[in-house]
Amino acid sequence: MGPTAAPAGAQGQQASAWPTILMFGAIIVVMWLFMIRPQRKQQKELQNFRNALKKGDKVVTVGGIYGEIVEVNEKTVLIKVDGDVKLRVDKQGLVKDYSETNQQ
């Protein structure tokens, strides 16, 4: 061994930073593809559903109450639940549309 020999670990430490950075970047991309992107798509579809509500639509609330829309306002809807029972609920409380074709 002469004076020109470098320590064995010096070169290995400098090169190991890039694979770690690339690994974290890949993890972030995978999280975005499988978690964030589908959630945004679902939120957009739900918002479009709420904006397209009209009289006569059959809906389900977050609490599991089934009803038919009688009146639509800017932020609320009036739903007929049973007989003469009507409830005014916020549009944000409606989660899905159910019709005769969607019932099981």
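Contact here means heavy atoms within 4.5 Å. In this predicted model, residues 24 or more positions apart account for 35% of the protein chain's contacts with a separation of 6 or more. The chain contains two helices and five strands, and along the sequence these elements follow the pattern α-α-β-β-β-β-β. Of its 104 residues, 15% count as buried.

**Confidence and surface**

- Mean pLDDT for the protein chain is 84, and 81% of the residues reach 70 or more.
- Helix α1, residues 8-15, has the lowest confidence, with a mean of 51.
- Strand β4 has the highest confidence, at 95.

**Sheet layout**

- The five strands make an open sheet in the order β4-β3-β2-β1-β5, and the pairing is antiparallel.
- Its edge strands are β4 (85-90) and β5, each of which pairs on one side only.
- On average, neighbouring strands in this sheet are turned by 45° against each other, with direction ignored.
- Helix α2, residues 17-51, lies across β1 and β5. The angle between helix α2 and β5 is about 80°.

**Pairing around strand β1**

- Strand β1 (residues 58-61) is joined to strand β2 (residues 66-72) by three bridges in the antiparallel sense.
- Within this pair, K58 stands opposite E68, and V59 has G67 as its bridge partner.
- On the β5 side, V60 has K96 as its bridge partner.

**V59 and the nonpolar core**

- The largest nonpolar core consists of eight residues: F49, L53, V59, I69, V77, I79, V89 and L94.
- In soluble globular proteins, nonpolar side chains tend to be buried together.
- Beyond its neighbours within four places in sequence, V59 is in contact with F49, L53, I65, Y66, G67, I69, I79, L94, K96, D97 and Y98.
- Core members F49, L53, I69, I79 and L94 are among the contacts of V59.
- The bridge partner of V59 in β2, G67, is also one of its contacts.

**Y66**

- Residue Y66 belongs to strand β2.
- Its relative accessible area is 44%, and Y66 is therefore classed as partly exposed, because that class lies between the 20% limit for buried and the 50% limit for exposed.
- Leaving out neighbours within four places in sequence, Y66 is in contact with V59, V60, V81 and Y98.
- Two of these partners, V59 and V60, lie in β1, which spans residues 58-61.
- Y66 and D97 are separated by 31 residues in sequence, while their C-alpha atoms are 9.4 Å apart in space.

Terms used. Residues are numbered from 1 along each chain as its sequence is written. Side-chain values use heavy atoms; hydrogens and water are left out. Two strands pair if DSSP finds at least two bridges between them. Helices (H or I, at least four residues) and strands (E, at least two) are DSSP runs, numbered from the N terminus. Buried means under 20% relative accessible area, exposed over 50%, partly exposed in between (1.4 Å probe, protein chains only). Axes are lines fitted to C-alpha atoms, for helices over the stretch in contact, and angles run from 0 to 180 degrees between N-to-C directions. A nonpolar core is a set of buried Ala, Val, Leu, Ile, Met, Phe, Trp, Tyr and Cys residues joined through side-chain atoms within 4.5 Å. pLDDT is the predictor's confidence in each residue, from 0 to 100.
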